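Here is a short tour for someone meeting this structure for the first time. Have a look at the fold, then read on.

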Amino acid sequence: MFNLEATLFCGQTFVWQKDESSYRGVINHRLVTLDVNEPFSKIVSDPFLRHYFDLEYPYEEAETHLAALDPALGALLNSHRSIHILNQDPWETTLSFITSQNNTIRRIRNLLNALRATYGKEVAPNHHALPTANELLSGSTEDRLRALGFGYRAEYLLGAARNVELLARVEDQEDEEALRALQQIHGIGPKVASCILLFAYGRKDIFPLDTWTRRILSEYYPEEDPSFFSPYGGIAQQHLFYAERRKIGLHW
DNA sequence: GGCCAGGAGGCCT
DNA sequence: AGGCCTCATGGC
C-alpha cells in the first residue's frame, strides 16, 4: 500500500499518536483507530479514509518522474515507498500550521490538544475534535488563548476563524492566486499558506520553504530552486524533510 | 542538580 | 532588521 508510519509522522499532521497496538487520531470530528499490524484493510474499505490517505493519486507516476531527476532522490523514494500527502481538513490544517510557526513539534501537539480539550466537541470518550471556526469565535478570546499558551499566535487563530470563508474559495483558485488569498489572513505568511495548500488541498507542486527545507536545498541542491522538482515539488519536499529528520533522530 | 541563553518547521511592522 | 509568546533543550 504505502508507508503509513512515514505518512503520519513526516510533519504534515500533528493529530496522530501511536501506542503498542494502534494509531489513533481525531480527524473531521471522528476518532479513527488503526491496528498497527494491519492498518490498511480499514483504510481501503472506508471511502472517507481512502480520500484522507489519498489512495487515488498516482504516486508511482510522480515518484518515477522525481527519481529520474536525481539518483539520490530516487534511492530515497525507494526506501520510503511511499509517503502519501494527506487530504486534511482545510480549517484544521490552518489551525495547526498557524500554531506551528516558531514552535517545536512537542509544543504544537500540546497546544492543539489544549485547544481540543477546551473548545472542541468530545467525539469519543477522552477524545476531542479541534474546535470549528464558530466554536472558537463563540467560546474563546485572545486572552483565553494566550492563557492556554498560544502567545502572539492567539490573535492569528481568531483572525483565521473570522476569515474562514476564504478557505472555501481556495478550491477553485490556481496555486499562486490561492497563496495570495491565504496570506490575506493576518498571521499566515508564505510558509503556512504553502502548508495549507499542500496538506489540505492536494497541491502537489507546492514546496513549503522553511528553515529545514532551505537548509536541505542549499546543502544537497545548491544550484536548484524548488521548481527543479516540478510538478511534484510537494512530494519531493516531504521525502527530503523526512529523511533529514530521521538522519538526526528527530522522530516523535 | 540548577541556571540561563538561544532556538524552535514564521510573521508582522 | 527586530520583536514577538512560550517552553523544552543543551551548555555550563
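## Two domains

Which domains does the domain assignment of chain A give? The answer is domain 1 (4–86 + 207–247) and domain 2 (90–201), with bounds that come from an automatic or database domain assignment. Their C-alpha centres lie 21 Å apart. Where domain 1 and domain 2 meet, the contact (heavy atoms within 4.5 Å) takes 22 residues from domain 1 and 22 residues from domain 2.

A few ground rules before going further. This is a predicted model, where local features need pLDDT of at least 70 and side-chain atom pairs count only at pLDDT 80 or more, while totals for chains, interfaces and linings use all residues. Residues are numbered from 1 along each chain as its sequence is written, chains are lettered from A and ligands numbered from 1 in the order in which they are written, and side-chain values use heavy atoms, leaving out hydrogens and water.

## The nonpolar cores

In soluble globular proteins, nonpolar side chains tend to be buried together. Here the largest nonpolar core has 57 residues, and L136, L145 and F229 touch the most other members. A nonpolar core is a set of buried Ala, Val, Leu, Ile, Met, Phe, Trp, Tyr and Cys residues joined through side-chain atoms within 4.5 Å; buried means under 20% relative accessible area, exposed over 50%, and partly exposed in between (1.4 Å probe, protein chains only). The largest share of this core, nine residues, comes from α13. Helices such as this one (H or I, at least four residues) and strands (E, at least two) are DSSP runs, numbered from the N terminus. Because domain 1 (4–86 + 207–247) and domain 2 (90–201) both give residues to this core, it lies between them.

Take L145 as an example: leaving aside residues up to four places away in sequence, L145 touches L115, Y119, L136, S140, F150, A154, L157 and L158.

## A closer look at A200

Where does A200 sit? A200 has its place in helix α13 (residues 190–201). Its relative accessibility is 9%, so A200 counts as buried. Not counting residues up to four places away in sequence, A200 touches L86, Q88, D89, P90, T93 and C195. The C-alpha atoms of A200 and N28 are separated by 12 Å, and these two residues are 172 residues apart along the chain.

## Salt bridges

How many salt bridges does the structure hold? There are 10, each a side-chain nitrogen of Lys or Arg within 4 Å of a carboxyl oxygen of Asp or Glu. One of them joins the side chains of D54 and K204 (3.0 Å, N to O). That pair links distant parts of the chain, 150 residues apart: D54 is in the loop between α3 (47–52) and α4 (59–69), and K204 is in the loop between α13 and α14 (211–220). Both D54 and K204 are buried.

R215 has two partners to look at. With E219, the side chains meet in a salt bridge (3.9 Å, N to O), and both residues lie in helix α14, four residues apart, about one turn of the helix. With E244, the closest N and O atoms are 3.5 Å apart; this pair links distant parts of the chain, with R215 in helix α14 and E244 in helix α15 (residues 233–247), 29 residues apart. Salt bridges that share partners join R215, E219 and E244 into one network. As for accessibility, R215 is at 36% and so counts as partly exposed, E219 is at 46% and so counts as partly exposed, and E244 is at 7% and so counts as buried.

## Cavity and pocket

A search of the whole structure finds one cavity of 30 Å³ or more. The largest cavity has a volume of about 80 Å³, and of the 14 residues that line it, T13, V15, Q88, E92 and T93 are the closest to its centre. Helix α6 (residues 90–100) gives the largest share of that lining, four residues.

The largest pocket has a volume of about 520 Å³. It is lined by 25 residues, of which S100, N103, K191, D210 and W212 lie nearest its centre. At least two residues of the lining come from each of α6, α7 (105–119), α13, α14 and α15.

On a 1 Å grid over the protein atoms alone, a cavity is a set of points where a 1.4 Å probe fits but cannot get out, and a pocket is an open set with protein on both sides within 12 Å along at least five of seven lines; lining residues have an atom within 4 Å of a point. Grid points are joined across faces, edges and corners, and a volume is the space filled by probe spheres set on the points.
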